Amino acid sequence: MAKNITNPEKDFARWYQDVIREAELADSSPVRGCMVIRPYGYSIWENIKASLDTSFKRTGHKNAYFPLFIPESFIKREAQHVEGFAPELAIVTHAGGKKLEEPLVVRPTSETIINHMFSKWINSYRDLPMLLNQWANVVRWEMRPRAFLRTTEFLWQEGHTAHASEEEAREETLRMLNVYADFAENVAAIPVIPGRKTEREKFAGAVDSYTIEAMMGNGWALQGGTSHYLGTNFARVFDTMYLDSNNEQQFVHQTSWGVSTRLIGGVIMVHGDENGLRLPPKLAPVQVVIVPIARDDSARAEVLTVVDRIRNGLEKKCIRVEVDNREGISPGFKFNYWEVRGVPLRLEIGPRDLEEGHVMASQRNKPGRDSKFTVSLDSLVDNIPEILERIQNEMLDEAIRKRDSRTYSAKNLDDFREAIVNKPGFYNVWWDGNGEDEARLQQETKATVRCIPLEQPEGTGKCFMTGRETNTRVILARAY
RNA sequence: CGGGGCGUGGCGCAGUUCGGUAGCGCACCUGCUUUGGGAGCAGGGGGUCGCCGGUUCAAAUCCGGCCGCCCCGACCA
């Protein structure tokens with residue numbers, strides 16, 4: 001198997017770290033919990049960004065930028081908000097060689113500063129809806145950092161919108177949740193369950209929080225994105241008001257929504273295998289790598305001519321292609337090198353192929369011999385787009401199959417307590433519990449209610465914890 | 001903050017029990033031979049052994065204190 005990568009079956013946490021190191025996605029920094037994102041990892045983020053940014057603009061949003069520093073008093077205005085974020089704030093007390101009059105919070109999220117500005121910019125119903133997004137870094141002093149999944153500083157986007165009515169704002173909340181779900185499935189090839197958070201799990205300051213939940217390779221859940229309906233909670237404390245057509249002052253109804261570099265962690269843990277990373281073509285920094293093979297200089301020249309032609313053809317089709325023509329490195333080494341990095345498609349081209357008029361191709365998403373196939377040289381360039389498309393689809397299908405095969409049910413708490421240990425995964429159960437039931441569930445099983453799926457079945461059943469009749473089913477799992 | 005583990009070239013480790021002046025694998029550099037699944041040989045560079053103090057002729061090793069990292073929990077995008 002792959003050198004230097006722990007088997008994921010044996011130690012999933014270790015495997016995860018090994019993949020990040022070996023694929024050169026990120027490195028640790030001198031400051032605990034902070035992470036250096038290396039070029040290869042960063043270009044995955046660039047692809048995520050490009051795709052989402054297009055969707056945001058298509059849904060009418062504009063990008064802006066708000067400052068990193070927020071007056072401490074802003075955070076304190078909304079009661080739930082301060083309670084939720086206070087423990088994890090980084091606060092600047094000194095600057096310019098002096099103690100500051102008012103400490104500055106390094107933003108953990110930007111609802112407060114944005115409301116401050118919205119209250120200046122919004123006067124009339126004609127200014128609404130206001131639909132903004134920002135790409136930024138935020139800081140949350142979490143207790144236990146993990147690369148990509150929970151770092152002290154992380155990159156994300158945060159959308160912030162203001163609307164005239166609750167109905168409009170709620171519509172926006174779900175619209176953006178759908179944008180995320182669509183991205184996860186069709187770009188990242190990660191199947192997700194869109195749903196609503198329970199009271200206990202919702203965002204500090206929101207009326208309702210929504211989430212997309214994905215299953216990782218070890219059966220744990222990862223919240224891949226969130227979208228909140230904030231109601232008028234922030235508007236009330238920042239006086240974000242507009243004059244309606246009846247000449248009356250009204251509070252705006254708001255939303256906020258975000259996804260972060262955590263998504264990269266999700267991609268690693270959903271698709272990665274014992275040989276390292278596997279990337280869906282739409283996110284891969286390198287979609288096709290070509291490994292030229294030649295025994296001597298004359299063969300090399302001949303092979304490289306053909307390779308250059310193929311490279312040019314693929315580049316014209318906007319396919320991200322790289323030719324690995326490093327000398328003095330064996331083909332076998334190169335194969336492994338690119339496999340660890342998860343490149344979806346590799347083409348091996350040598351004298352033998354030129355003679356036979358085809359190339360050897362290998363798709364990263366399949367193991368061993370199943371990965372290999374030949375493509376005729378004549379049709380190669382034209383065929384690559386659909387091969388990549390096929391790989392993209394196969395990866396989503398595989399992820400759906402894996403998730404479904406680890407989705408179970410449980411009749412009662414005793415059942416569940418054992419099941420979640422022996423068979424980690426999603427547990428779809430009838431639920432009518434309250435916050436206390438959730439706390440107890442977490443304490444006894446380490447699992448939490450991940451979400452109340454938007455899609456609910458017909459009929460009713462008995463809550464697996466309280467025994468009460470209910471029409472609601474929820475997803476339980478251990479989570480990152 | 002609780003429980004467990006660990007700090008020795010870039011990475012992974014041995015050496016610590018029983019003090020004697022630092023070694024192995026990978027990676028890196030040079031040369032030659034190699035190139036269809038992690039090439040071979042030869043030569044070479046790189047470490048105040050986490051930090052501070054103590055014991056000793058002598059400390060990676062013994063003693064005291066401190067710091068940091070990783071994993072498992074509570075918290076979280």
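## Reading the model

Analyst: In α10, Trp338, Glu339 and Val340 are buried. This is a predicted model.

User: What covers the buried residues of α10?
Analyst: The buried residues in α10 are Trp338, Glu339 and Val340. Helix α10 lies across β15 and β17, at about 170° to β15. What covers its buried residues includes α1, β15 and β17.

User: Which element gives the largest share of the surface near RNA strand B?
Analyst: There are 43 residues around RNA strand B, and Arg32, Ser330, Gly332, Gly350 and Arg352 come nearest. The elements that give two or more residues to this surface are α1 (12-22), β11 (221-231), α10 (331-340), α11 (351-356) and β18 (358-363). The largest share is eight residues, and they come from α10.

User: How many charged residues does the surface near RNA strand B have?
Analyst: Sorted by class, the surface near RNA strand B has 15 nonpolar and 13 polar residues. The charged residues there number 15.

User: Which glycine follows α10, and what is its phi?
Analyst: Helix α10 spans residues 331-340. The glycine that follows α10 is residue 342, and its phi is positive, near 80°.

User: Which strands are at the edges of the open sheet?
Analyst: Five strands form this open sheet in the order β16-β15-β17-β18-β19, with mixed pairing. An edge strand pairs on one side only, and this holds for β16 (321-323) and β19 (372-376). On average, neighbouring strands of the sheet are turned by 25° against each other, direction ignored. The edge strands are therefore β16 and β19.

User: In β16, what is the bridge partner of isoleucine 290?
Analyst: Strands β15 and β16 run parallel and are joined by three bridges. Strand β15 covers residues 288-292. The bridge partner of isoleucine 290 in β16 is valine 323.

User: Is arginine 262 buried or exposed?
Analyst: Arginine 262 lies in helix α8, residues 262-271. A residue is buried if 20 or more other C-beta atoms lie within 10 Å of its own. Arginine 262 has 22 C-beta neighbours inside 10 Å, so it counts as buried.

User: Leaving aside its neighbours within four places in sequence, which residues is arginine 262 in contact with?
Analyst: Contact here is judged between C-beta atoms, with a limit of 7 Å. Leaving aside neighbours within four places in sequence, the contacts of arginine 262 are Phe148 and Leu149.

User: How many residues are in the largest nonpolar core?
Analyst: The members of this core that touch the most others are Tyr180, Ala184, Ala188, Ile190, Val267 and Ile290. Beyond four places in sequence, alanine 184 is in contact with Ile190, Val192, Ile212, Ala214 and Gly224. Another core lies apart, with 23 residues, among them Ile113, Phe118, Ile122 and Tyr242. The largest nonpolar core has 92 residues.

User: Why is β14 largely enclosed by the rest of the structure?
Analyst: In a regular strand the side chains alternate between the two faces of the sheet. Here, His253, Thr255, Trp257 and Val259 on one side of β14 are buried, as are Gln254, Ser256, Gly258 and Ser260 on the other. Strand β14 is largely enclosed because eight of its eight residues are buried.

User: Which residue in β14 is the bridge partner of glutamine 157?
Analyst: Strand β8 (residues 153-163) runs antiparallel to β14, and eight bridges join them. β11 also pairs with β14 in the antiparallel sense, over five bridges, and threonine 226 stands opposite glycine 258 in β14. For glutamine 157, the partner in β14 is valine 259.

User: What is omega of the cis peptide bond that joins leucine 128 and proline 129?
Analyst: Most residues other than glycine have a negative phi, and most peptide bonds are trans. Proline 129 sits in the loop between α5 (111-121) and β7 (130-139). The bond from leucine 128 to proline 129 is cis, with omega about -5°.

User: What is the phi of lysine 446?
Analyst: Lysine 446 is located in the loop between α14 (435-445) and β22 (448-453). It is partly exposed, with 13 other C-beta atoms within 10 Å. Lysine 446 is not a glycine, yet its phi is positive, near 65°.

Note on methods. Residues numbered from 1 in each chain as written. Chains lettered and ligands numbered in written order. Predicted model: local features only at pLDDT ≥ 70, side-chain atom pairs only at ≥ 80, totals over all residues. Near = placed C-beta within 6 Å. Helix = DSSP H or I, 4+ residues; strand = E, 2+ residues; numbered from the N terminus. Nonpolar A, V, L, I, M, F, W, Y, C, P; charged D, E, K, R; others polar. Buried ≥ 20, exposed ≤ 12 C-beta atoms within 10 Å, placed from the backbone. Contact = placed C-beta atoms within 7 Å. Pairing = 2+ DSSP bridges. Axes fitted to C-alpha atoms, helices over the stretch in contact; angles between N-to-C directions. Core = buried A, V, L, I, M, F, W, Y, C linked by C-beta atoms within 7 Å.
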